[in-house]
Amino acid sequence: IICTYNRAIQLEQLLEDLSYQHARLNQDDKNEVEVILVDNNSFDNTKEVAYKFTESTVLSVKYYLENRQGVAAARNHAIKQAN
C-alpha cells in the first residue's frame, strides 16, 4: 500500500525501483505482488505517473483516488481494495 500526496517525482522513483526489484527476482506473474496506490487528492501529476506504471510494468499497480484528506483515510481506502 502506497499513500501519496503531491509527491509525483518520488512516486515515480519508488515505482521504478519496485519494478526493477520485481524483475530482478524473476517474478513474472502479475498476481505475485499487488501494489495499491492511493492518491490523497494530489494536485501534481501523481495520477499520470500512476497510470504510466499501471500500463507499462509487470507489477500489478492499482490506482485509487481518495478525496478525504489524511493518511488514515487513504490507508483505509487501500485496505478495502486489497486482495
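## What covers helix α3

The model is a predicted one: local features need pLDDT of at least 70 and side-chain atom pairs count only at pLDDT 80 or more, while totals for chains, interfaces and linings use all residues. Residues are numbered from 1 along each chain as its sequence is written, and side-chain values use heavy atoms, with hydrogens and water left out.

Which residues of α3 are buried? In this helix (residues 71-81), they are A73, A74, H77 and A78. Buried means under 20% relative accessible area, exposed means over 50%, and partly exposed lies in between (1.4 Å probe, protein chains only). The four cover an arc of only 135° around the axis, which puts them on the same side of α3; the arc is that of the directions from the helix axis to the C-beta atoms. An α-helix has 3.6 residues a turn, so residues three or four places apart point the same way. On the other side of α3, I79 and K80 are exposed.

## A closer look at H77

H77 sits in helix α3 and counts as buried, at 17% relative accessibility. Leaving aside neighbours within four places in sequence, H77 is in contact (heavy atoms within 4.5 Å) with Y64, L65 and E66.

## The chain as a whole

The chain has three helices and three strands, and along the sequence they follow the pattern β-α-β-α-β-α. Its radius of gyration, taken over C-alpha atoms, is 12 Å, close to the 12 Å that the globule rule gives for 83 residues, so the chain is as compact as a globular protein of that length. That rule is 2.2 Å times the number of residues to the power 0.38.

Along the principal axes, the C-alpha atoms fill a box of roughly 35 × 25 × 15 Å. Of the 83 residues, 35% are buried. Among contacts between residues at least 6 apart in sequence, 78% join residues at least 24 apart.

## Two nonpolar cores

A nonpolar core is a set of buried Ala, Val, Leu, Ile, Met, Phe, Trp, Tyr and Cys residues joined through side-chain atoms within 4.5 Å. The largest one here has twelve residues, including I2, L11, V35, F53 and Y63. Two or more residues come from each of α1, β2, α2 and β3. Another core lies apart from it and has five residues, among them I36, V38, Y64 and A78.

## Aromatic pairs

How many aromatic pairs are there? The count comes to two. Rings of Phe, Tyr and Trp (its six-membered ring) pair if their centres lie within 6.5 Å; planes under 30 degrees apart count as stacked, over 60 as edge-to-face and the rest as tilted. Y5 and F43 form an edge-to-face pair, 6.3 Å centre to centre with 85° between the planes. This pair links distant parts of the chain, 38 residues apart: Y5 is in the loop between β1 and α1 (8-24), and F43 is in the loop between β2 and α2 (46-56). Y5 is partly exposed at 36%, whereas F43 is exposed at 68%.

The ring centres of Y51 and Y63 are 5.2 Å apart and their planes are at 50°, so this pair is tilted. Y51 lies in helix α2 and Y63 in strand β3, so the pair ties together parts twelve residues apart in sequence. Y51 is partly exposed, with a relative accessible area of 37%, and Y63 is buried, at 14%.
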